[in-house]
Structure formats: structure tokens, C-alpha cells
Amino acid sequence: MAGAPSQLELFEHKPELTRLDGQDCPASFLVGKRFAFINGIPKLLGSQYPFHQAGQSGQWISDRLPHLERQIDNLCFIKSMRTDQFNHAPAQLLVQTGDARLGHPSLGSWVLYGLGTENQNLPGFIVLLSGGNSPDGGKQLWGSGFLPSVYQGVQCRSHGEPVLYLDNPGGVSRPLRRSMLDAIDEINRQTYSEFGNPETVTRIAQYEMCFRMQMDATDAMDIRKEPEEVRVSYGSKLGESSFANNCLVARRLAERGVRFIQLYHWGWDSHGSSANEALNIGFADRCREVDQPMAALLADLKTRGMMEDTLIVWGGEFGRTSMRENRGGQAMALIGRDHNPGAFTIWMAGGGIKPGITIGQTDEMGYEIVRDPVEIRDLHATILYILGFDHRKLNYVYQGLDQKVTGVKPARVVPQVLA
Amino acid sequence: MSFAVQRLSARVGFGLLTLVPILILLLLVLLAPPDGNERTEWLQFLGHFHPIAVHLPIAILILVPLVELAGRSRFFPQLLSSVDFLLGVATCGAIGAIALGWCLARSGGYSGSLVTQHMWGGLLVAVAAWLCWLLRGRSSESHLNRGYLTALIVTVTLVSFTGYRGGQLSQGENHLTEHMPERLRTLLGMQAFASVSSTSSNAGPATFYGARIQPIFSQHCIGCHGQAKHKANLRLDTYDRVMHGSKHGPVIKAGNPTGSEVFRRITLPPTDDDVMPAEHKPPLSPNEIKRIELWISAGASGTQSAESVQDVPADSGTSTAVAEITFEESDPAAVAQQRARLASAVLQLQQRFPSALDYQSRASADLVLDASLLGSNFGDNQLAALTPIRDQIVSADFSGTAITDASSPAIAAMKRLRTLRLAHTKITDAAVKTLVSLTQLESLNFFDTAITADALAPIGQLPKLRHLYLHDTKISPDTPMPEELRKKITF
């Protein structure tokens with residue numbers, strides 16, 4: 001969820017904050033903190049939507065996600081996530097690559113590097129975008145960094161041809177394409193024997209993959225092959241570029257053995273500076289766009305028995321503040337919150353996850369963590385553990401270091417989330 | 001002349017004025033040495049200024065020899081006339097620091113050889129500084145008398161010794177060497193630090209005491225009952241010290257928790273004056289108290305193994321806490337050995353069915369089969385080819401393949417299967433009947449198949465089944481079936 005969805009409007013029920021709505025923010029919230037925009041003394045902002053407990057697990061949820069609510073007993077919330085980045089691009093890089101700077105491989109690349117691909121005819125790491133914009137962190141979010149680029153995520157288009165120019169042009173038959181690729185292959189191999197650059201090997205592999213993808217990729221991405229009732233359950237409409245269609249494609253890819261699939265939905269940066277960034281306007285639209293599809297994806301994976309060996313992780317790059325923004329010292333025209341790296345909420349579901357529980361807790365204003373803080377590197381270690389890795393051992397020698405996705409600071413697997 | 005007399009009498013006055021408090025302090029130290037007890041707030045309050053106050057006399061006494069040397073050079077002859085003043089200030093400062101030091105030592109729960117040595121060192125520094133002042137006189141001449149020189153050397157030596165002991169008291173006995181780089185350590189012929197500290201405990205990490213009890217003491221108690229500070233003469237930093245007890249006698253009575261002073265103190269209500277940890281430090285958690293109780297009940301042994309004590313609550317403070325995840329080291333040689341018998345068969349099949357067959361993990365010889373990617377290219381004949389490795393397969397996914405009921409005996413022969421997926425296949429009820437032999441099966445998937453309610457009876461016999469997927473089959477939530485089975489089904 002690119003842009004950081006507000007945990008205080010979705011999963012963090014804070015009646016005390018609602019009671020103090022409109023009062024001046026206490027000075028202790030501001031001292032020593034760095035914000036993207038907050039200036040002067042902003043007003044506290046209570047939740048904009050009513051909360052209630054749902055499911056047998058009795059976890060709190062707002063009225064914005066009525067479909068997801070029916071899946072709440074499958075979800076494991078971590079309400080004590082923490083990051084050290086307060087701007088989108090570096091925070092997204094930190095979440096995706098373990099480092100706020102460019103040049104590190106994304107988690108998907110690490111997983112592909114560690115597990116290898118399962119389906120030879122599709123990329124092992126596929127990325128789909130929706131919401132009208134790319135995430136601020138750019139393509140590095142699924143880049144392979146210092147790993148060989150054969151492990152990078154492949155961004156596919158979510159309508160029309162999934163990968164441009166994959167089909168053979170008119171007059172070019174498949175055998176002709178094959179003989180052409182063989183010739184290119186021969187040249188590439190000569191180049192490799194001469195210079196020994198691993199990127200040449202990547203190039204050879206990419207040509208071969210594309211040739212095989214000509215058969216399979218279009219089929220895997222084609223949601224017209226899904227029965228009508230399945231498409232309806234996702235809220236998917238043919239020909240659209242939407243999160244709903246991407247969720248459905250994601251399930252089809254997972255079925256075909258694609259190891260790592262990422263869906264980015266843009267537009268959660270609810271500062272209150274424009275209608276699309278207002279908690280009561282754009283934010284509500286975003287919730288509608290993702291609620292039904294993600295709930296349908298969970299239900300679909302469950303009925304197909306795929307939930308047992310699929311891990312689903314939902315979240316943004318940081319949280320949002322308990323107060324309004326006061327950008328430039330002025331009260332904002334519309335309702336919104338600034339970035340809060342100090343606390344945010346994610347949820348996980350699926351294989352290896354203990355369903356229907358909440359880990360961690362923030363203070364009664366939802367501003368700072370009071371119990372079980374989870375660092376980004378802890379989340380990475382946990383995800384890797386569930387996928388069968390020891391995060392200390394998944395490494396790659398680069399610039400004289402055994403590089404790891406969790407970096408050099410000690411990371412821990414969060415034991416409470418494990419089933 | 002009268003001027004000289006006045007100066008002389010001023011010197012005598014100052015000499016006596018400083019000698020008297022030194023003698024008083026000497027008496028105090030002799031009559032009321034530090035005894036490990038804590039006393040009134042005033043003494044403690046004043047005492048805590050000692051570490052601040054000591055630095056003035058130390059700095060000046062180190063400065064004096066420098067001034068004496070520099071004053072004899074061509075550049076700073078004027079310095080020599082200030083030595084008299086410096087020594088006077090240093091003597092006064094030392095007296096003040098000793099007085100505060102006595103307050104701290106007497107009231108803050110100190111006892112033992114460290115503090116005694118530090119205390120006598122401090123007193124001797126004051127005496128030596130006073131002697132320096134006396135022996136040197138006011139002279140600013142370049143001649144040095146031998147008595148003064150000796151006294152000055154003794155003073156500087158005493159300052160170093162006393163300062164080092166003081167550092168040990170406040171920062172631990174190894175405070176200078178504990179972070180010494182290993183290379184330098186070897187160069188100086190010193191023992192590795194780890195082995196130095198481990199000799200202080202005889203109850204190793206494999207014992208219940210070492211693994212579960214000492215960490216509690218180390219976390220909560222040794223700030224006041226440890227190496228540097230041992231209030232009431234009690235130290236809880238090693239097993240021997242714990243069993244030695246305090247100045248009032250043993251604090252642990254083996255087999256009798258309620259009769260043990262340690263246990264009594266940690267279980268008192270927080271408002272009680274005797275409660276430990278004192279001074280509003282965080283109390284021990286119920287689990288930690290329970291562990292100490294179990295340890296004392298079981299004989300308060302230092303050698304009992306960690307596993308031998310039963311019903312031990314978890315390590316951390318809250319009851320919701322879960323053990324941290326640790327990673328087991330795998331043994332590649334042993335794994336290779338386990339795999340050896342079938343290695344060639346596995347390799348052959350891996351080449352025949354690319355990406356469909358793999359080991360469950362690096363540390364395992366068990367196999368995971370995913371034939372779903374082969375789709376209609378995988379049928380009964382292909383499945384039959386898996387016979388040589390059937391005992392190693394723990395998970396099999398035949399979703400969307402062309403297998404039929406004819407394969408059911410081959411699947412039923414995969415006795416170790418825990419997961420079986422038959423979604424989108426032509427499998428029918430007839431095949432299900434043969435699958436009852438899969439006693440290890442935990443998850444069974446019939447999504448989008450033609451199986452009917454007739455299959456439920458044999459499925460119900462699977463002893464370990466936990467998940468059954470029946471979406472898009474002839475079985476619906478309305479189909480009558482035992483409740484126990486229904487709970488396992490996802491429709």
C-alpha cells in the first residue's frame with residue numbers, strides 16, 4: 001500500500017485519541033522528532049471512522065473494510081512496526097530491500113536467489129501496479145541490487161499484453177523466432193567466454209525465458225479465463241487496470257508456482273492537502289478499491305487450499321501521526337495526518353502464520369509503541385524464516401562483506417506470529 | 001621582620017588547621033569503617049558527591065611534579081612560586097574528598113578489601129600531600145630537598161593506586177582491561193578475558209542454576225549484591241557466593257523456599273521495608289519467583305542439569321512471552337548420506353520432470369512433488385515412474401494433471417504423505433477408498449473434482465487429517481456428516 005495507509009483509520013482503535021480530538025498536541029509528541037511537514041503545534045486528530053470488534057478473535061477494525069472484516073480471523077496483526085525513515089522513497093526502499101539507500105536487492109530477489117524459480121516458463125518474481133502511479137521508491141523496490149539481475153522482479157502490465165512485444169510480430173513464426181534466438185545466443189556465449197560478465201548470462205537467460213513466456217505468460221495473466229462468479233467476487237472488471245484484477249492475476253500466478261508476487265496500490269498518502277489525499281475522501285476511495293479484492297483473494301486462497309503454503313503480507317512503509325499536519329504553520333484545508341515512522345500496523349496471513357491474533361501495542365494515542373516493537377529487519381527475518389531461510393545464512397558476497405537482507409544489526413524472528 | 005613572623009605563623013596555623021581534620025578522619029575510619037550497611041539519607045546524599053570531589057586533589061597532585069619540572073626550565077621560572085599554594089589546595093581538597101568518601105562508604109553498603117584499600121589509600125594521600133607541603137616550604141629556589149622529593153614520589157604513587165581502586169569500585173574490577181583488544185592482551189601475556197570471568201562461577205550454563213537462576217540474580221540483584229557493591233556482605237554473582245550468604249548467615253536453605261531469606265524478601269508486598277529488589281526497582285516476575293522457588297525446593301543445587309527440573313515456567317517476565325527462535329545447524333554430510341540411497345533415482349526423475357521434484361529442505365532427504373506445473377503432460381504412466389522414491393515423498397500436488405483413479409494404488413503407496421492435492425483431476429470416490437492407508441495425511445485437497453458424499457466415510461478414517469478442501473465438489477455444507485469432520489472442511 002504505497003504512501004502509508006493510516007493505521008488510525010483502519011486497525012488502531014484509540015478512544016482516548018478520539019476524546020482529545022481537536023486539542024493541542026502535547027509538546028512531548030514533537031520534541032526531538034523529525035516530520036515531513038508538521039509545523040508549530042498541530043491539533044490531535046481522532047479516528048475519522050467508527051470501530052468495532054469483529055470475528056471470533058474479536059480484533060478491532062473500522063467500518064472502512066467490511067469485506068476484509070469477514071476474513072479477520074485469518075489475519076495476524078503486528079501493531080508495533082517501526083522504521084527509521086520518514087519519507088516515502090527511502091522508507092519504501094527500507095521495507096523492500098532492507099536498506100534506505102539505493103543498490104540493495106529487494107526481498108523478492110533474495111528469495112528467488114535462495115529458492116530458485118519453480119515455473120521455468122514464468123519469471124519467479126512478478127510485480128503488478130495499480131492506483132494510477134508508481135510507488136515513490138521506483139523500480140529499485142523490486143530491483144536485484146548487487147545480486148545478478150536475473151533475480152530482479154519483472155513488472156507486468158495489468159491489462160492488455162502483460163509484457164510488451166512478447167508476441168511474435170506478423171510474419172514471424174515460432175520456429176523462425178527460435179532460430180533467431182539461437183543465433184543471438186551463440187553471439188552472447190562468445191561474448192561471455194571473452195569477457196566473463198555474469199550480466200551476459202542473465203541476458204541469455206532472459207531471452208530464453210521470454211521465448212517460453214510467449215506460451216505461458218499471456219495465459220497466466222488472462223483473467224478472462226476465470227469463471228464469472230470468481231471475477232465478481234474480486235470485484236474485477238475486464239480491461240481495467242485495477243487492484244482487483246491484480247489480486248486475481250496474483251492468485252493465478254501463485255497457482256503456477258511464481259515464488260514472489262508484489263502488488264503495489266498507490267495513493268495512501270493522506271496528508272489532507274488535496275481531496276485525493278484527504279482521510280474522508282481519497283482515503284475512503286482507496287479502502288473501497290482494495291477491500292473487496294484483498295478479502296476475495298484471502299477467501300479464494302483458502303478454498304483452494306493454497307493458504308497453507310502461501311504467505312500474504314499487507315502494509316505500508318510507515319504509519320501516520322496522531323495529529324493533523326499544520327503544514328507551513330496553517331491548519332490544513334482537509335483532514336489528514338503526517339508520516340509517523342514510530343508506529344504502524346501491518347497484517348500477515350497464510351502458511352506458517354498464527355491466525356486471529358494481534359502482536360504489539362501502541363500508547364493510548366496510537367503514537368508510540370509500548371510493547372513488542374518489531375523493526376523492519378525483524379519483519380524480514382520473520383518472512384524469511386517462514387519461507388524456510390535462516391536470515392543469517394542467506395547472504396551474498398559483495399564489496400568484501402557477506403551481505404544480508406537484514407543488514408549488520410542483529411535481527412530476530414518474531415516468535416509470536418508463528419503458528 | 002614582623003612580616004616574616006606573620007608569614008611563619010600563618011604557615012603554622014594552616015599546618016595545624018589541616019592536620020586536625022586529617023586526624024579526625026583517621027579516627028573515624030578506625031572507629032567506624034564501612035560495614036556494608038545502608039544508613040541515613042544525609043550521609044548517602046553527601047557521599048554521592050565524593051566521585052565529583054576527588055578529581056580536584058588528584059589533578060593538582062599530578063600537576064605538582066609537572067610544575068616543579070617546568071619551573072626549572074628556562075621558560076616558566078615563575079611557576080615555582082605557585083607550588084606552595086597548589087599543595088595547600090590539594091591537601092584541603094583531599095581532606096574534603098575523604099570526608100565525603102567516608103560518608104559514601106559508611107552509608108552506601110560498601111565493605112570488603114577493595115573499599116578498605118581505597119579508603120586507606122585516600123587517607124595516606126592526604127597525609128602525604130600535607131607532608132609535601134610541610135617539607136617543601138615556601139622556597140621557589142631551584143634546590144630540592146630530599147625529603148620533599150621522596151614525599152612527592154610517594155604521593156603520586158598513592159594517588160595512582162587509590163584512583164585505580166576507586167575506578168574498580170565504581171566500574172568493576174576489570175574496568176581498565178576488559179575492553180583491551182585481544183592482540184594487545186596476548187602481547188602483554190594476559191589471559192583471555194572470557195576465561196577470566198568464567199572462573200568466577202562453578203555452575204556452568206548446562207546446569208539449572210547456571211541457565212535459569214543466575215540470569216535472574218544477574219539481571220535484578222548484582223547491582224547492589226555483586227562484585228563491586230555487596231550490601232549486607234551478600235553477593236549473588238556466583239553460586240558459591242549465593243550459598244555463602246550475608247553477614248546474617250545463609251540466605252538459601254536447600255529444600256525450604258519459605259525459610260530462605262532470598263525467597264522471603266522477593267515475595268514480600270511492594271510496600272514492605274524489607275522487600276527486594278529495594279528502592280522501587282522493578283520486582284521479579286511471577287515466573288522468575290517460581291523458578292527460584294523450584295530451584296530451592298529441588299535442593300538449591302549448583303550441579304543439577306537444566307532439564308531435570310520439571311514444570312519450569314518460561315524465561316521472560318510476562319506470561320504471554322514466547323521463546324525466541326533459534327536456528328539449528330544442519331549437518332550436510334549426514335543429509336548427503338540419507339539421500340545417497342535414492343540419489344540417482346531422484347536425479348533421473350528431476351531431469352524427466354523439471355522443477356516438479358525437490359527435497360523438502362537443505363537439511364532433509366524427504367521429497368516434495370509438485371506435478372501441477374506439468375499439467376496434462378503428467379498422467380498415470382508418469383506417476384507410476386515415481387515408484388522407486390514413493391517412500392520419501394511427504395507432499396504431493398497433482399492438481400490439474402491427467403491422473404485418474406488408476407493411479408490411486410500408487411498414491412496410496414506413498415505412505416508418508418502429509419499433504420495431497422488432487423484438485424482439478426478426474427479422481428472419483430473409487431480412488432478415495434484406497435487412500436485410507438495414508439495414515440500420516442494432514443491436508444487433503446479435492447477442489448473442483450467429482451467426489452461425492454460417499455467419499456466422506458473413508459476420509460473420516462484418516463487419523464491425522466486436519467484440513468479437507470471440498471469447494472466445487474458434490475459435497476456441500478448441507479451434506480450430512482459427522483461434526484468432527486465438518487470442522488476440518490473448507491467448502
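This briefing walks through a predicted model, topic by topic. Chain B holds 20 helices and seven strands. Buried residues account for 31% of its 491 residues. The largest nonpolar core has 102 residues, and C247(A) and A250(A) have the most contacts inside it.

**Where the chains meet**

- Chain A gives 17 residues to the contact between the chains, and chain B gives 19.
- On the side of chain A that touches chain B, seven residues are polar, seven are charged and three are nonpolar.

**Nonpolar cores**

- In soluble globular proteins, nonpolar side chains tend to be buried together.
- The core of 102 residues has C247(A) and A250(A) as its residues with the most contacts.
- Helix α9 of chain A, residues 282-303, supplies the largest share of this core, with nine residues.
- Leaving aside residues up to four places away in sequence, C247(A) touches Y234(A), L263(A), P293(A), M294(A), A296(A) and L297(A).

**A covered helix in chain A**

- Helix α10 of chain A spans residues 376-386 and is mostly covered, with 10 of its 11 residues buried.
- The buried residues of α10(A) include the charged pair R377(A) and D378(A). I376(A), L379(A), H380(A), A381(A), T382(A), I383(A), L384(A) and Y385(A) are buried as well.
- These buried residues pack against three strands of chain A: β3 (76-82), β7 (311-314) and β14 (374-375). They also pack against the helices α3 (88-97) and α4 (107-115) of chain A.
- Just after α10(A) comes G388(A), with a positive phi of about 100 degrees.

**A hairpin in chain A**

- Strands β1 (residues 51-54) and β2 (residues 59-62) of chain A run antiparallel and are joined by four bridges.
- H52(A) stands opposite I61(A) of β2(A).
- Four residues lie between β1(A) and β2(A) in this hairpin. In the turn, G55(A) has a positive phi of about 70 degrees.

**The sheet in chain B**

- Strands of a sheet pair through backbone hydrogen bonds, either parallel or antiparallel.
- In chain B, seven strands make an open sheet with mixed pairing, in the order β1-β2-β3-β4-β5-β6-β7.
- Its edge strands are β1 (357-359) and β7 (489-490) of chain B, and each pairs on one side only.
- Within chain B, β5 (residues 443-445) and β6 (residues 467-469) pair in the parallel sense over three bridges.
- In that pairing, N445(B) stands opposite Y469(B) of β6(B).

**Two crossing helices in chain B**

- Helices α4 (residues 55-71) and α7 (residues 146-171) of chain B have axes that come within 10 Å and cross at roughly 145 degrees.
- The crossing of α4(B) with α7(B) is left-handed.
- From α4(B), the contact uses I58(B), L61(B), I62(B), V64(B) and P65(B). From α7(B), it uses L152(B), T155(B), V156(B), V159(B) and G163(B).
- Eight residues of the contact between α4(B) and α7(B) are nonpolar, two are polar and none is charged.

**Contacts along chain B**

- Take the contacts in chain B between residues at least 6 apart in sequence: 62% of them join residues at least 24 apart.

**Backbone exceptions**

- Most residues other than glycine have a negative phi, and most peptide bonds are trans.
- A4(A) is not a glycine, yet it has a positive phi of about 75 degrees. A4(A) sits in the segment before α1 (15-19) of chain A.
- A4(A) has 26 other C-beta atoms within 10 Å, so it counts as buried.
- D448(B) is another non-glycine residue with a positive phi, of about 55 degrees. Its place is the loop between β5 and α19 (456-460) of chain B.
- D448(B) has 18 other C-beta atoms within 10 Å, so it counts as partly exposed.
- The peptide bond from M276(B) to P277(B) is cis, with omega near -5 degrees. P277(B) lies in the loop between α12 (261-266) and α13 (286-297) of chain B.

Notes: Residues are numbered from 1 along each chain as its sequence is written. Chains are lettered from A and ligands numbered from 1 in the order in which they are written. This is a predicted model: local features need pLDDT of at least 70, side-chain atom pairs count only at pLDDT 80 or more; totals for chains, interfaces and linings use all residues. Two strands pair if DSSP finds at least two bridges between them. Two residues are in contact if their C-beta atoms, placed from the backbone, lie within 7 Å. Axes are lines fitted to C-alpha atoms, for helices over the stretch in contact, and angles run from 0 to 180 degrees between N-to-C directions. A crossing is left-handed if the near helix is turned anticlockwise from the far one by less than a right angle, and right-handed if clockwise. A nonpolar core is a set of buried Ala, Val, Leu, Ile, Met, Phe, Trp, Tyr and Cys residues joined through C-beta atoms within 7 Å. A residue is buried if 20 or more other C-beta atoms lie within 10 Å of its own, exposed if 12 or fewer, and partly exposed in between; C-beta atoms are placed from the backbone.
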